[in-house]
Amino acid sequence: MSYRTEEVAYVQPAQPAANAQAAQQQRTTAEYRALDAAHHIHPFSDMGALNRTGSRVIVKAQGVYLWDSDGNKVIDGMAGLWCVNVGYGRKELADAAYKQMLELPFYNTFFKTTHPPVIELSALLAELAPEPFNHFFYCNSGSEGNDTVLRIVHHYWATQGKHSKKFVISRKNGYHGSTIAGGTLGGMGYMHEQMPSKVENIVHIDQPYFFGEAEGNLTPEEFALARAQQLEAKILEIGADNVAAFIGEPFQGAGGVIFPASTYWPEIQRICRKYDILLVADEVIGGFGRTGEWFAHQHFGFEPDLITMAKGLTSGYVPMGAVGLHDRVAKAIIENGDFNHGLTYSGHPVAAAVAVANLKLLRDEKIVERVKTDTGPYFQQKLRDTFANHPIIGEISGAGLVAGLQLAEDPKARKRFTNGGDVGTICRDFCFNGNLIMRATGDRMLLSPPLVINKLEIDEIVSKAKKAIDATAQQLGIS
Ligand code: PXG
């Protein structure tokens, strides 16, 4: 169904309804689309193009399934936006929010006050996070988490009397959010192009993307080591006395589920320690069970100084972000006077109550353990069995319940399509039409389903993905 933007202004609003829910139910898909086009600017979207075709209107969800306003049932291979770890429709989270809203919907934590939900959440996070992480600072999103990381890093070095340590090193094709700090830390060229003002003293090194960027006969391990050693070269170029931190996602999520070989993170850690540089793990996607560990840095075997968290912290039911501080960083912050940073909603009671309910589900229902020992290995094996010799799949990356499928013109020669982004979009649209949500990042197809997914539902995702990828190959004339 399509319509033109200029028709939108003449759409009649629906009759006033007794309550908001009834009003929602009264609108047709066409009415929703028209109103959306008339008044809503979507994130990261070409609104002119979107308004001409219209958005898919998602009206409800349960478990791993979504329903749109035409009644289509869609399996969600992306857990919303990498966040609905406990799946949709968990009453425990709704109850926690409801109860907290009646008890204490808001109070701040600025002026010598605190409240039970933020206390419970902090204690629970200290229990679930690796041993040296016992202190947490709260915000509303992953982007704010990384802004907070920068504030903590700078304050930390000031407390150590090392005021020249200002530079933060991150990676091209990393994603750290869309505030000015998050966008600058990230290495997305198309974002930087629209950001004439950036945060100072942030520089980027190359990413550990073997399939796309390795040259010659390097093994994945040799390539990953070489990419990690770019950090050392960059530190020496800037001067270790001027470098404050390195930040990276343990695996790049939005950048294409890029899993570095096992040599990468130990080398990054060695370099950070050698030059006295804080190591920040952005766990906004990797945290809370995605790889089968509570945190993705545990999967890769390194120990960060700071951890950025969001998404799975509340399974996306309400917005919340946090930064976990290693004891040595926390000690410096605690013992050195005011830290002049905070947000109205730092530690929001409703968000904190939902986070506690969410983390207890992940823990008590052994959801993270199941990802590690059961559903994760099943998912990874199923993908490899299904796509190992597929004519347009060049690489399958991932662990636990996250995966990237590299589309390629010649998989064996590691030859990518020259118009890879278009091929990804074709494939994404086949998925969409087949009622599977799968994300395309350029020429990589991504999966990150809710962590409560069962094996039958995994089979459904993989078979729908296969149909879409087969259809893509067919459209390209490859078989
Ligand atoms: N760090 C990482 C690693 C992320 O993936 C953020 C920070 C920022 O979080 P907020 O809550 O501010 O969005 C993210 C967010 C995509 C997509 O299309 C990924 C994210 C956000 C929006 C879209 O893959 N990741």
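Predicted model: local features only at pLDDT ≥ 70, side-chain atom pairs only at ≥ 80, totals over all residues.

**Exercise 1. The ligand and its neighbours**

Task: Find which residues come nearest to the ligand, and describe the shell around the ligand by class and by element.

Solution: 
- Step 1. Look for polar atoms. Trp-82 places a polar side-chain atom 2.8 Å from an oxygen atom of the ligand. Gly-142 uses its backbone instead: an N or O atom there lies 2.9 Å from an oxygen atom of the ligand. At Tyr-175, a polar backbone atom is 3.5 Å from a nitrogen atom of the ligand.
- Step 2. Turn to the elements. Two or more residues of the shell come from each of α5 (79–82) and α8 (142–159), and α8 gives the most, with three residues.
- Step 3. Sort the shell by class: six residues are nonpolar, six are polar and four are charged.

**Exercise 2. The second largest pocket**

Task: Describe the space in the second largest pocket and the residues that line it.

Solution: 
- Step 1. Begin with the volume: the second largest pocket holds about 780 Å³ of space.
- Step 2. Move to the lining. It has 27 residues, and Thr-109, Phe-136, Phe-137, Phe-339 and His-341 are the closest to the pocket's centre.
- Step 3. Trace the elements. Those that give two or more residues to this lining are α7 (116–128), β4 (133–139) and α15 (327–334). The largest share, five residues, belongs to β4.
- Step 4. Sort by class: the lining has 14 nonpolar residues, twelve polar ones and one charged one.

**Exercise 3. Placing Arg-428**

Task: Work out where Arg-428 lies and why Arg-428 is classed as it is by its relative accessible area.

Solution: 
- Step 1. Find the element: Arg-428 is part of helix α18, which covers residues 420–433.
- Step 2. Recall the cut-offs: buried means under 20% relative accessible area, and exposed means over 50%.
- Step 3. Apply them. Arg-428 has a relative accessible area of 32%, so Arg-428 is partly exposed.
- Step 4. Finish with a distance. Arg-428 and Ile-271 are 157 residues apart in sequence, and their C-alpha atoms are 39 Å apart in space.

Key
Residues numbered from 1 in each chain as written. Heavy atoms only, no water. 1 Å grid on protein atoms, 1.4 Å probe; cavity = no way out; pocket = protein on both sides within 12 Å on 5 of 7 lines; lining within 4 Å. Points joined across faces, edges and corners; volume = space filled by probe spheres on them. Helix = DSSP H or I, 4+ residues; strand = E, 2+ residues; numbered from the N terminus. Nonpolar A, V, L, I, M, F, W, Y, C, P; charged D, E, K, R; others polar. Near = heavy atom within 4 Å. Polar contact = N/O pair within 3.5 Å; in protein donor to acceptor, adjacent residues only side chain to side chain. Buried < 20%, exposed > 50% of the residue type's maximum accessible area, 1.4 Å probe, protein only.
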